[in-house]
Amino acid sequence: MLKLFNTLTRKKEEFTPLVKNRVGIYSCGPTVYDFAHIGNLRAFLFADILKRTLLYNGFEVKHIMNITDVGHLTGDRDMGTDKLEQAAREKQKSAWELASYYTDAFLHDLKSLNILNADKFPKATDHIKDMIKLIEVLEKKGFTYRTTDGIYFDTGKLPDYGKLAKLDIEGLREGARVEVNPDKRSPTDFALWKFSPSDSKREMEWQSPWGVGFPGWHIECSAMSTKYLGQPFDIHTGGIDHIPVHHTNEIAQSEAAYGKPLANVWLHSEFVVIDETRMGKSEGNLLTLEELQKRGYSSLAYRYFALQAHYRSKLNFTWEALEGAQNALNNLYAAIAEYKEPQIGCAEFESQFLEAINDDLDTPKALAVMWEVVHSDYPGEAKLQSILQFDKVLGLSLAETRRKLLKPIPDDVEKLKNQRDKAREEKKWQLSDELRKKIKKSGYIAKDTDHGSVLSASPSPGPDEE
């Protein structure tokens with residue numbers, strides 16, 4: 001029995017899909033104006049564990065993740081400049097080029113972390129007509145009004161606005177928690193369509209019934225989720241930072257337009273923090289996956305690190321903790337390399353693993369069960385069978401890594417090893433180091449002993465890392 005914590009009800013509930021054995025998931029994707037940092041990536045790792053858990057339970061899953069390539073302003077409540085256009089000016093690129101570049105970089109990060117691809121990654125710029133159509137529905141129902149800078153949603157006409165975040169509407173003061181906009185009827189009203197500036201031309205702008213402009217940030221997710229999953233659909237995911245503004249506004253405009261829920265279950269992952277401070281651009285403490293790799297850590301070490309905390313708990317990042325995760329992962333790789341081919345698994349542990357992962361995706365407990373298997377008295381082939389089953393959820397690429405570790409060492413790598421041993425005998429340390437790097441680049445590690453070096457395949461750094 002799979003139970004999930006629904007942010008909307010603040011309760012852990014038994015999950016039942018709208019259509020038997022079929023689940024629709026919509027995940028809020030990246031705004032592609034820069035590289036995703038490891039805090040961003042935690043939300044996508046969490047969505048991947050959710051998807052893998054559903055598949056593990058026998059559900060058919062349809063997963064949609066949007067790409068925000070227009071409309072997300074530097075102030076989340078519709079003030080400031082478009083993040084894409086601002087970044088494009090700073091980097092002296094076109095907004096279209098920049099969006100394409102960082103979309104590719106994001107997809108590369110997903111692959112490196114062994115995150116299953118969504119069934120579709122719809123881009124905001126490809127769905128302008130769908131957004132305009134939704135705004136027209138809201139306009140006909142009387143939920144919109146016009147200001148000097150755009151078309152806004154009137155939150156005052158929706159009695160339960162803010163229910164996801166349990167917002168204190170009366171307590172919100174313009175200029176305190178939200179930006180000042182004298183044209184808005186209420187501090188919580190939000191833009192559906194923004195007008196292009198009269199004194200300059202935007203790179204990304206479109207004709208609409210209200211004038212030339214571009215969509216607000218929130219409208220894209222309502223339009224695209226409904227287009228690909230219908231309304232309501234089963235599960236909506238995102239980071240906890242989406243609750244007070246973005247997801248609250250998605251719910252408002254979707255329910256106002258169609259008179260029914262947008263999604264039945266809302267799931268949110270917590271922040272990655274450094275010294276108790278949220279990781280973010282404004283905080284100046286960003287770390288990308290590439291930076292971790294440059295320090296010698298694999299992407300899958302970060303995945304393992306994230307699995308050690310429950311998705312609804314803050315994840316405190318330290319280099320020491322990442323080192324521990326890398327070591328644990330390497331130990332796991334070494335253990336499974338010694339096991340014979342998998343046979344009937346360890347039933348009692350497989351039952352415990354399923355119970356853990358079905359209890360609101362309890363990955364720390366699931367990892368603990370896996371290590372209990374490693375240290376158990378079961379035969380290696382039984383351990384391997386269960387561990388590979390667990391990895392269908394954990395996503396640590398164990399089967400692929402095991403195949404690599406067991407693969408015969410190529411003759412050319414053996415030749416490099418012999419050349420290095422000779423260089424070490426002759427105390428040619430620079431040449432020895434160069435040959436060690438060549439060996440490592442070939443996917444092997446040379447471990448020095450009193451009787452020369454011993455070659456072993458290096459654990460896989462990730463599905464798409466050098």
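Arginine 202 and aspartate 82 are both buried, meaning under 20% relative accessible area with a 1.4 Å probe on protein chains only; exposed means over 50%, and partly exposed is in between. Their side chains meet in a salt bridge, 3.3 Å from N to O. By salt bridge I mean a side-chain nitrogen of Lys or Arg within 4 Å of a carboxyl oxygen of Asp or Glu. Arginine 202 sits in the loop between strand E9 (190-195) and strand E10 (213-215), and aspartate 82 in strand E6 (residues 79-82), so the pair ties together parts that are 120 residues apart in sequence. Helices (H or I, at least four residues) and strands (E, at least two) are DSSP runs, numbered from the N terminus.

A word on the model. It is predicted: local features need pLDDT of at least 70, side-chain atom pairs count only at pLDDT 80 or more, and totals for chains, interfaces and linings use all residues. Residues are numbered from 1 along each chain as its sequence is written, and side-chain values use heavy atoms, with hydrogens and water left out.

Back to the salt bridges. How many does the structure hold? There are 19. One of them joins arginine 303 to aspartate 48, with the closest N and O atoms 2.6 Å apart. Arginine 303 is in helix H8 (residues 299-307) and aspartate 48 in helix H1 (residues 38-56), so this pair ties together parts 255 residues apart in sequence. Both residues are buried. A salt-bridge network links Asp48, Arg52 and Arg303.

Next, glutamate 341 and arginine 402. Their salt bridge has its closest N and O atoms 3.1 Å apart. Glutamate 341 lies in the loop between helix H9 (319-338) and helix H10 (347-357), arginine 402 in helix H13 (residues 398-406), and the two are 61 residues apart. Arginine 402 counts as buried, at 8%.

Now helix H4. This helix covers residues 128-140, 13 residues, and reaches 19 Å from its first C-alpha to its last, close to the 18 Å expected. That expectation is 1.5 Å times one less than the number of residues. Ile128, Met131, Ile132, Leu134, Ile135 and Leu138 of H4 are buried. Down the axis, these buried residues fall within an arc of 160 degrees, so they line one face of the helix. The arc is taken from the directions from the helix axis to the C-beta atoms. The face turned away carries exposed Lys129, Lys133 and Lys140. The buried residues pack against several elements, including E9, E10, H5 and helix H6 (243-258). Just after H4, glycine 142 has a positive phi of about 80 degrees.

On to serine 222, in helix H5 (residues 217-229). Serine 222 is buried, at 1% relative accessible area. Beyond four places in sequence, serine 222 touches Leu134, Glu250, Gln253, Ser254 and Leu262. Contact means heavy atoms within 4.5 Å.

Last, the cores. A nonpolar core is a set of buried Ala, Val, Leu, Ile, Met, Phe, Trp, Tyr and Cys residues joined through side-chain atoms within 4.5 Å. The largest has 128 residues, and Phe15, Leu54, Phe153, Trp193, Ile235 and Tyr302 touch the most other members. Beyond four places in sequence, the contacts of leucine 54 include Phe15, Val61 and Ile235. A second, separate core has 7 residues, among them Val413, Leu435, Ile439 and Ala446.
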